[in-house]
Amino acid sequence: MDTAATTTTPPIHHMDLMRFATAGSVDDGKSTLIGRLLFDSKSIFNDQLESVERTSQERGDEYTNLALLTDGLRAEREQGITIDVAYRYFATPRRKFVIADTPGHIQYTRNMVTGASTADLAIVLVDARKGLVEQSLRHAFIVSLLRVPHLVLAVNKMDLVDWSEEVFEQISHDFACFATKLDIPDLTVIPISALYGDNIVSRSTNMPWYEGSSLLHHLEHVHIASDRNLVDVRFPVQYVIRPQSLQYADYRGYAGTIAGGVLKKGDEVMVLPSGFTTRIAEVETADGPVSEAFAPMSVTVQLEDELDVSRGDMICRPHNRPAAAQDIDAMVCWMTDQPLVPGQKLAIKHTTRSARAMVKELQYKLDVNSLHRDDTVTQLGLNDVGRVRLRTTAPLLADEYRRNRITGGFVLIDESTNHTVGAGMISSAG
Amino acid sequence: MTLHEYQLSQLDLLEAESVHVFREVAAELERPALLFSGGKDSIVMLRLAEKAFWPAPIPFPVLHVDTGHNFPEVLEFRDRRVAELGVNLVVASVQDAIDRGVVREEPSGSRNRIQTPVLLEAVEKNRFSALFGGARRDEEKARAKERVFSFRDEFGQWDPKNQRPELWNIYNGRIHLGESIRVFPLSNWTELDVWQYIGRENIDVPSIYYAREREVFSRDGMLFGVNEFCRPRDGEPTFIEKVRYRTVGDATLTAAVQSDADTIEKIVEEIAATRITERGATRGDDRVSEAAMEDRKREGYF
């Protein structure tokens, strides 16, 4: 085990946080890979390991089944399947990591979409013996649909193909060909053996031909600071703070999480949908004023003029505004058994704004395996992805999803059951 | 905070996300309350709530489910903190529920299981539509799969197979009358994050978290401090040991751990190096079965 896995206290101030999603099935060795990362970073505790060893023995497994570490629910343990997104945590001295561990099967597309929505990076696993399969392509597509900025294709089980460079190159080549159809800004392909730890924490001596980083080294060093949109100022007003006290009698603060750009005292800003302009009088947190605030900080903004601003409004720059649109074109991933059909009415939640939406048109359904567009469909079923046109009761202050994942994403809610039934990525608002 | 790179540290990011969750609930749900146990997680949660609404006071009450089996330091701490913040304290008493015949004391003497109906009664009586809880996903396997907004039906039950997908930072808190949402602002925090944050923010915690010499006895391989509720049985000799508590629960079954950590810095070091989970080390109640927590959550526990 090398330096990345030591348990020295992580220095607080130089440590950042990265979220990554893993996609693949148990057969690809996903649980083994996660188990390996947790184990090598000493994030598996003795009592957890003992419990897994005990269960493995009771079930008559021939070896300690690390997959059991990641099965949270009784049904999952009993049936040996993964049902839902599970979140796991580990840290090295450089970074804290949050893993969204998503089940790989097609019927869980919605879970992968959920896990990918907040991910900085995604790891798609393939079995070196099988090469790319339909599922690998689907996973890569979802990663690009959700615009996860970094993708790692981990070619696993290299030990079972004699550490062959040729096999690895063929898979890399095949994937690169497929990836040209997708929008993947940063792709890294790494040959690994999760079972034996090759290229996980340190470089493998079994594959001297591979000159890239180990997986953990890559995870620790990939640059994520510039993935956030720091150009377009977007501040959805979440909550208005008006203390009923003498000390703060005239205080009116607009609290929220910055969705894009950098905010500073003195900046000229526009409030939407009203269109009034003013200047920022102060950007602050409970710890005091901040000289500059940027996404995704949670701050409170005071404005120079007294305007009527409430939850759901958006603070931006006068010459760089989101669309204020009631007609929305979006890719939607449908997440419930009852199909989406044209004419349907739903509740929509976008940033801090809620409205109602009607499905005006279902333009096509996308085959998530072949990327084929089927424009003859009349509905979207559970786990389907398709392009729809919505009409909303109030304008959404929105950007294209490719420009901003926060101001470009929304969820759809069934008004009778209150369930979240769809996730949308805005293609155009106008 | 390294402003020039526009990159937040892990603690700043976690804080920002938790603050977002508090504001979202206050904006969208009518009668939230914050569940406060006096433990480190609920103490951090209270601090984050304070930050989320500053300079206004926290706009909801604090609910304490009082098992009657409290560490005295924790009760003192609760009352002091509540007074400082000027928030309303609602106490749901397990002893009172036993006296009224609503629940019955279990033979083991543990009140962990029977606090669930007491909690649910308080939710109903006060018509709380949302309860903030300090649970973290790193604590336990069932919790690793729970949402930040965890929907509960009119019986307070959690259905792990029927959870609402949570995307980006959008949370769905829509409920029908009688239903409620449990909200976990610390979902993505680890035990180490919590202690680092307590250190960074200089947050006061009850003295039982700090190591000092205490009178203890050994039971089931764990060390229990001698107190009003926890007495050695015959054949359980007591001795003096330098210990501290890693969790604060029912005083009858919360064990202490051997430790030299008598400052926050030393606690952070200890947690970074420990090889045993906090629940495995200190909670008799979670050892009952592999699915102990899942079962209790389904019944309406946090």
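Colleague: How many residues of domain 1 of chain B are in contact with domain 2 of chain B?
Modeller: This is a predicted model, and in it 36 residues of domain 1 of chain B are in contact with 31 residues of domain 2 of chain B.

Colleague: Back up a bit, where are the two domains of chain B?
Modeller: The domain assignment gives 3-194 + 291-299 as domain 1 of chain B and 195-285 as domain 2 of chain B. Their centres, taken over C-alpha atoms, are 23 Å apart.

Colleague: New topic: how many salt bridges are there across the interface?
Modeller: Six salt bridges are found across the interface of these two domains of chain B. There are also 17 residue pairs in polar contact across it.

Colleague: Which helix gives the largest share of the domain 1 side?
Modeller: That is α2(B), with six residues of the side of domain 1 of chain B that touches domain 2 of chain B.

Colleague: And what is that side like by class?
Modeller: The side of domain 1 of chain B that touches domain 2 of chain B has 14 charged, 12 nonpolar and 10 polar residues.

Methods: Residues numbered from 1 in each chain as written. Chains lettered and ligands numbered in written order. Predicted model: local features only at pLDDT ≥ 70, side-chain atom pairs only at ≥ 80, totals over all residues. Heavy atoms only, no water. Domains from an automatic or database assignment. Contact = heavy atoms within 4.5 Å. Salt bridge = Lys/Arg side-chain N within 4 Å of Asp/Glu carboxyl O. Polar contact = N/O pair within 3.5 Å; in protein donor to acceptor, adjacent residues only side chain to side chain. Helix = DSSP H or I, 4+ residues; strand = E, 2+ residues; numbered from the N terminus. Nonpolar A, V, L, I, M, F, W, Y, C, P; charged D, E, K, R; others polar.
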